[in-house]
Amino acid sequence: MASRAENRAIKQAQACSSQWKGWLKEFGSRLYMYARQRCSCREDAEDMIQDALVRLWHYQEERDNVPPDLPLAYSVLRFVAMDHGKKQGRKKRKEEAVIFLHDRDDYWLDTSAEEDDDAVMLRGAVESLGEKLREVVTLKIWGGLTFSQIAESMAISPNTAASRYRYALEHLERKLETLKNERHG
């Protein structure tokens, strides 16, 4: 028979597991979308999320393993993505002249709009943004973060996050207007 201490430990582990499962259910798709826009294929995004979750688990050990707040999760995922990018760069330089084709299954957009002309234009316009602008737009619109949370996850000031967002929206507006004019003659 299990002792009281063992029973208490089992109940705590079950409660912790339940908390993390709920947290992943609520925020997992947002984290996946963020990871997906930072890499070229679905498998790399899944690997980055797994690595980030392991790091987060270790960070949260000091806090009774409660799930982290969302800005911390994005920040850790961002660093994992940067590490991944460095590894990919080294790998690419080591290999001879192999061309990697990008997996263009963009899961961060609603797939029902995948063939819609406006969705294709929007995706192209977002992809034309610089990385810093694209990251802020992604975290704000699809990630649902505030400028303070974006600033925390990107290690920038909230004002910088807000100004990058405004600049990105202005750029997208001009780009989409140009594309619509070209399309409609």
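Does Arg38 count as buried or exposed, and at what relative accessibility? Arg38 counts as buried, because its relative accessibility is 17% (buried means under 20% relative accessible area, exposed over 50%, partly exposed in between, with a 1.4 Å probe and protein chains only).

The model is predicted: local features need pLDDT of at least 70, side-chain atom pairs count only at pLDDT 80 or more, and totals for chains, interfaces and linings use all residues. Residues are numbered from 1 along each chain as its sequence is written, and side-chain values use heavy atoms, leaving out hydrogens and water.

**View 1. Helix 1 packs on helix 2.**

**View 2. Side by side, helix 1 meets helix 2.** Residues of helix 1 in this contact include Trp20, Trp23 and Leu31. Helix 2 brings, among them, Ile49, Leu53 and Leu56. Contact means heavy atoms within 4.5 Å.

**View 3. Arg38 sits in the loop between helix 1 and helix 2.** Arg38 touches Met48, Arg78, Ala81, Met82, Glu131 and Glu135, not counting residues up to four places away in sequence.

**View 4. Ala73 belongs to helix 3, residues 70–94.** Ala73 is buried, at a relative accessible area of 1%. Ala73 touches Trp23, Leu31 and Leu56, not counting residues up to four places away in sequence. The C-alpha atoms of Ala73 and Ala52 are separated by 7.5 Å, with the two residues 21 apart along the chain.

Definitions and conventions: Axes are lines fitted to C-alpha atoms, for helices over the stretch in contact, and angles run from 0 to 180 degrees between N-to-C directions. Helices (H or I, at least four residues) and strands (E, at least two) are DSSP runs, numbered from the N terminus.
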